Structure formats: structure tokens, C-alpha cells
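Thank you all for coming; I would like to walk you through one model this morning, going element by element.

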Amino acid sequence: MKDAFGLPQSLLVLGGTSEIALAVTRRLIARRTRTVWLAGRPSPGLDAAAGELRA
């Protein structure tokens, strides 16, 4: 869903440990995206990526 400025409010990231996906996600979070779902195989890398994005 987009907000009044046309920016996405939520994001689904498939391949949640991909460096490209995480870079795009960081940029969208900086531009007011508030809800992010990371999808990927359970791994320490996925947990680390989620923790980094929460911070």
C-alpha cells in the first residue's frame, strides 16, 4: 500500500539475506516504509538481517 506521497508503506522481501535486497530495503525504510517482511530460509544470516533492519 502506498501513502499520500506515493511511497510504499509496507514491503515483502523475498530472499531476505540478499545484499541487493537489503540495500533496497534500507533505502525504502529511510523513505518512510514502516512494515517489512523478510522471507527466506531460516538461518543466522536472516536473523542478523532482521535485527539490523529493526535498529
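Predicted model: local features only at pLDDT ≥ 70, side-chain atom pairs only at ≥ 80, totals over all residues.

In which helix does Thr25 lie? Thr25 lies in helix H1, where helices (H or I, at least four residues) and strands (E, at least two) are DSSP runs, numbered from the N terminus. Residues are numbered from 1 along each chain as its sequence is written, and side-chain values use heavy atoms, with hydrogens and water left out.

Coming back to Thr25, its relative accessible area is 1%, so Thr25 is buried; here buried means under 20% relative accessible area, exposed over 50%, and partly exposed in between, with a 1.4 Å probe and protein chains only. Not counting residues up to four places away in sequence, Thr25 touches Leu11, Val13, Val36 and Leu53, a contact being heavy atoms within 4.5 Å.

Let me turn to helix H2, residues 44-54, in which Leu46, Ala49, Ala50 and Leu53 are buried. Seen down the axis of H2, these buried residues fall within an arc of 100°, so they line one face of the helix, the arc being that of the directions from the helix axis to the C-beta atoms. An α-helix has 3.6 residues a turn, so residues three or four places apart point the same way. On the other side of H2, Pro44 and Asp47 are exposed, and what covers the buried residues of H2 includes helix H1 (19-30) and strand E2 (35-39).

Next, the largest pocket, which holds about 180 Å³ of space. For the method, on a 1 Å grid over the protein atoms alone, a pocket is an open set of points where a 1.4 Å probe fits, with protein on both sides within 12 Å along at least five of seven lines, and lining residues have an atom within 4 Å of a point. Grid points are joined across faces, edges and corners, and a volume is the space filled by probe spheres set on the points. E2 and H2 each supply at least two residues of the lining, and among the lining residues are Ile29, Thr33, Trp37, Leu46 and Arg54. The lining divides into seven nonpolar, two polar and two charged residues, where Ala, Val, Leu, Ile, Met, Phe, Trp, Tyr, Cys and Pro count as nonpolar, Asp, Glu, Lys and Arg as charged, and the others, Gly among them, as polar.

One of those lining residues, Thr33, has its place in the loop between H1 and E2 and, at 3% relative accessibility, counts as buried. A polar atom of the Thr33 side chain lies 3.0 Å from the backbone oxygen of Pro8. Pro8 itself sits in the segment before strand E1 (10-14) and is partly exposed, with a relative accessible area of 24%.

Most residues other than glycine have a negative phi. Arg32 is found in the loop between H1 and E2, counts as partly exposed at 45% relative accessibility, and is 24 residues from Pro8 in sequence but 7.8 Å from it in space, C-alpha to C-alpha.

Notes
Polar contact = N/O pair within 3.5 Å; in protein donor to acceptor, adjacent residues only side chain to side chain.
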